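Opening the notebook on a new chain. I'll jot down what I look up as I go.

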Amino acid sequence: MLFRFLFKPRQPQLVIGTDVSLKYLGPSDAQDFCAHIHELHYEDFRDRFNGLVSDAWLDKYIARSLNEAIVIGAYIGDHLVAVAELHTGGQIAEHEGESAFSVSSDWRRKGLGTILLKALLRAASENNISTIIVETGSQNHAMKALARKFGAKMQFAADQSVGRINVADGLRLAARFVAHRTFPVVPVTPTDMAAYAAPAN
């Protein structure tokens, strides 16, 4: 099976505050990612994965994401407090990417979701992805509101809500939220890029 590996955006212009930095996560960040997921409160964990999952399943999911997807983390100091993912391939149509988000329960409703979704929009634009898919449980009102903020029209199927964000339109909307500020970004090195693009074993 062939995978189309995404490339990290060169320099996303993002902001939330002077204490927050963004980092593109790779396989060496699996421990941080796992610790972040385990810090989610019960309801937030359930919303993220549309139910409960085992530790073994979660470890495999994290490894696959860090090897095959764009994963962007938001840090407070050295503490990972939020993660955004952009996945392609498999049954996802060409020029589309499927997103996933998690924000530490104590850091919700502080603007992190908005910042990370803008990061995914920039990543999508640089990877020839024209549509970002947002899929979440029907009870996850915060995620649905975030998707609508960037132009998604949410549709309901069974217990799921699915929205599609046009990347060009989403970036235009995003510019209204953070155009007046500058976000500190960890630069991507050639070593990062090589590790990121290497296929998983």
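**A buried Phe to start**

I began with Phe-33, which counts as buried at 0% relative accessibility; buried means under 20% relative accessible area, exposed over 50%, and partly exposed in between, with a 1.4 Å probe and protein chains only. Before going on, I note that this is a predicted model, where local features need pLDDT of at least 70, side-chain atom pairs count only at pLDDT 80 or more, and totals for chains, interfaces and linings use all residues. Numbering runs from 1 along each chain as its sequence is written, and side-chain values use heavy atoms, with hydrogens and water left out.

Phe-33 has its place in helix H1, residues 30-38. Helices (H or I, at least four residues) and strands (E, at least two) are DSSP runs, numbered from the N terminus. What does Phe-33 touch once its neighbours within four places in sequence are left aside? I found Ile-62, Leu-66, Val-71, Leu-80, Val-83 and Glu-85, contact meaning heavy atoms within 4.5 Å. Phe-33 and Val-83 are 50 residues apart along the chain, with 7.9 Å between their C-alpha atoms.

**Confidence and overall layout**

I checked pLDDT next, the predictor's confidence in each residue, from 0 to 100. The chain averages 81, and 79% of its residues reach 70 or more. Residues 1-5 stay under 50, and the model has ten contacts beyond four places in sequence for them.

I count seven helices and seven strands. From the N terminus the order reads β-α-α-α-β-β-β-α-β-α-β-β-α-α. Of the 201 residues, 47% count as buried. Among contacts with a separation of 6 or more, 70% come from residues 24 or more positions apart. The accessible surface is about 10,400 Å², with 52% of that on carbon and sulfur atoms; the areas come from the Shrake-Rupley method with a 1.4 Å probe, and for residues only the protein chains shown count as cover.

I followed the pairing from S2 (residues 70-76), which runs antiparallel to S3 and is joined to it by seven bridges. Two strands pair if DSSP finds at least two bridges between them. Ile-70 has Leu-86 in S3 as its bridge partner. The two strands make a hairpin with two residues between them, and Gly-77 in the turn has a positive phi of about 65°.

**Ser-102**

Ser-102 lies in S4, residues 96-103. Buried or exposed? At 3% relative accessibility, Ser-102 is buried. Its side chain makes a polar contact of 2.7 Å with that of His-36; such a contact is a pair of N or O atoms within 3.5 Å, where within protein one must be able to donate a hydrogen and the other to accept it, and residues adjacent in sequence count only if both atoms are side-chain atoms. Not counting residues up to four places away in sequence, Ser-102 touches His-36, Ile-37, Leu-40, Arg-48, Val-81, Ala-82 and Val-83.

**Helix H4**

I checked the length of H4 (residues 112-126): its 15 residues should span 21 Å at 1.5 Å a residue, and the end C-alpha atoms are 21 Å apart, which agrees. The expected span is 1.5 Å times one less than the number of residues. Twelve of the 15 are buried, so H4 is largely enclosed by the rest of the structure; Lys-118 is among them. After H4 comes Asn-128, with a positive phi near 60°.

S5 (residues 131-137) and S7 run antiparallel, with seven bridges joining them. Thr-136 has Ser-161 in S7 as its bridge partner. S6 (residues 155-157) also pairs with S7 in the antiparallel sense, over three bridges, and Ala-157 stands opposite Gln-160. In the hairpin of S6 and S7, with two residues between the strands, Ala-158 takes a positive phi near 55°.

Last, I looked at Arg-164 in S7, residues 160-166. Arg-164 is partly exposed, with a relative accessible area of 42%. Beyond four places in sequence, its contacts include Glu-96, Thr-131 and Lys-153. Arg-164 and Glu-96 are 68 residues apart in sequence and 9.3 Å apart C-alpha to C-alpha.
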